[in-house]
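Welcome! Please take a look at the sequence and the 3D structure below, and then follow the short tour through rings, spaces and contacts.

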Amino acid sequence: MKYWRETLAVAQRILIELLRRRRSLILWLIFPVSILTINGLVMADQQKLSNADAFGIIAPSALVGAALFFSCLGGTVATVVAEREQQTLKRLFLSPLSGTSYFLGIFIAHCWIGIGQTLIVYTVAAFWGAKFEGSLLLGGAIILLSIISYVGLGFILSTQLARRTEDVNSLVAAFGVPLLILGGAFFPTSFFPDPLLKIAQYNPIYHMNEALVGVSANGDNLTKVESHFWFLCSFAVFVVCGGWLSYWRMLESERRL
């Protein structure tokens, strides 16, 4: 119970601070909705699809490639780097708060942010007539695995490569934008030539996108998206373990300083 209370307290503090910085919330809302609307209208016109079909295809890509990427990965990197600059971690050593609770609190806070953005993206898509065709349980599992993967990767990048707030944008842009393009976040992977498709097989965003598009737009079951789903499961476990180890190495470094 002690760890649970501490975890919830950390998550609540991060969410309250985010609510006070309304500008970040507004930008995190504008970006995925803009990507969804523009790409949906372009696809409807170019592919001669109805708005409902076009937005049904684009919504999963806008969610994993725009909303979750920048809020869960970029947000985690920004939070950890800001906490280091503000000396929050050093104050942690002087308080009864455990490092485990702090790690889980940041994790849960960004999971809630990701869930909120999921609701926003699919609400906008539903406004244009799109429907979630497949299993809500399977779709929710894919979205949760995507959130976990982004947050875990955010811990790795923030603890190993980012030292100042100025590093966040360049770090996310350098690693993120190429992965987003190869993942099919901005246009369908059906446009990719064979060499890019082979490279994309190693990109977790590609598997997030393909799995969620299959379930959400095409009504696929687990059998049809099995390879993507198990890749995401393995990747999520890997980055969470890597994020955990990187986090504790950072704590040891902060303690020595």
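## An open pocket

H6 gives the largest share of the lining of the second largest pocket, six residues. Helices here (H or I, at least four residues) are DSSP runs, numbered from the N terminus. This is a predicted model, in which local features need pLDDT of at least 70 and side-chain atom pairs count only at pLDDT 80 or more, while totals for chains, interfaces and linings use all residues. Residues are numbered from 1 along each chain as its sequence is written, and side-chain values use heavy atoms, with hydrogens and water left out.

The volume of this second largest pocket is about 250 Å³. Helix H5 (99-127) and H6 are the elements that give two or more residues to its lining. Among the lining residues are Ile115, Tyr122, Phe132, Gly139 and Ile147. By class, the lining has eight nonpolar, three polar and no charged residues. Ala, Val, Leu, Ile, Met, Phe, Trp, Tyr, Cys and Pro count as nonpolar, Asp, Glu, Lys and Arg as charged, and the others, Gly among them, as polar.

A pocket is found on a 1 Å grid over the protein atoms alone, as an open set of points with protein on both sides within 12 Å along at least five of seven lines; a cavity is a set of points where a 1.4 Å probe fits but cannot get out, and lining residues have an atom within 4 Å of a point. Grid points are joined across faces, edges and corners, and a volume is the space filled by probe spheres set on the points.

The largest cavity holds about 50 Å³ of space. Its lining includes Phe69, Ser149, Tyr150, Pro204 and Phe235. H3, H6 and helix H9 (204-216) each supply at least two residues of that lining, which by class has nine nonpolar, one polar and no charged residues.

## Paired rings

The whole structure has nine aromatic pairs. Rings of Phe, Tyr and Trp (its six-membered ring) pair if their centres lie within 6.5 Å; planes under 30 degrees apart count as stacked, over 60 as edge-to-face and the rest as tilted. Phe69 and Tyr150 have ring centres 5.7 Å apart and planes at 85 degrees, so this pair is edge-to-face. Phe69 sits in helix H3 (residues 51-85) and Tyr150 in helix H6 (residues 136-160), 81 residues apart, so the pair links distant parts of the chain.

Phe69 is buried at 2% relative accessibility, and Tyr150 is buried with a relative accessible area of 2%. Buried means under 20% relative accessible area, exposed over 50%, and partly exposed in between (1.4 Å probe, protein chains only). Ring pairs also join Phe31, Phe69, Phe70 and Tyr150 into a cluster.

Pro204 lies in helix H9 and is buried, with a relative accessible area of 11%. Leaving out residues up to four places away in sequence, Pro204 touches Phe231, Leu232 and Phe235; contact means heavy atoms within 4.5 Å. The C-alpha atoms of Pro204 and Tyr150 are separated by 9.6 Å.

His228 has its place in helix H10 (residues 226-256). Is His228 buried or exposed? His228 is buried, with a relative accessible area of 13%. The side chains of His228 and His207 are joined by a polar contact of 3.0 Å. Such a contact is a pair of N or O atoms within 3.5 Å; within protein, one must be able to donate a hydrogen and the other to accept it, and residues adjacent in sequence count only if both atoms are side-chain atoms.
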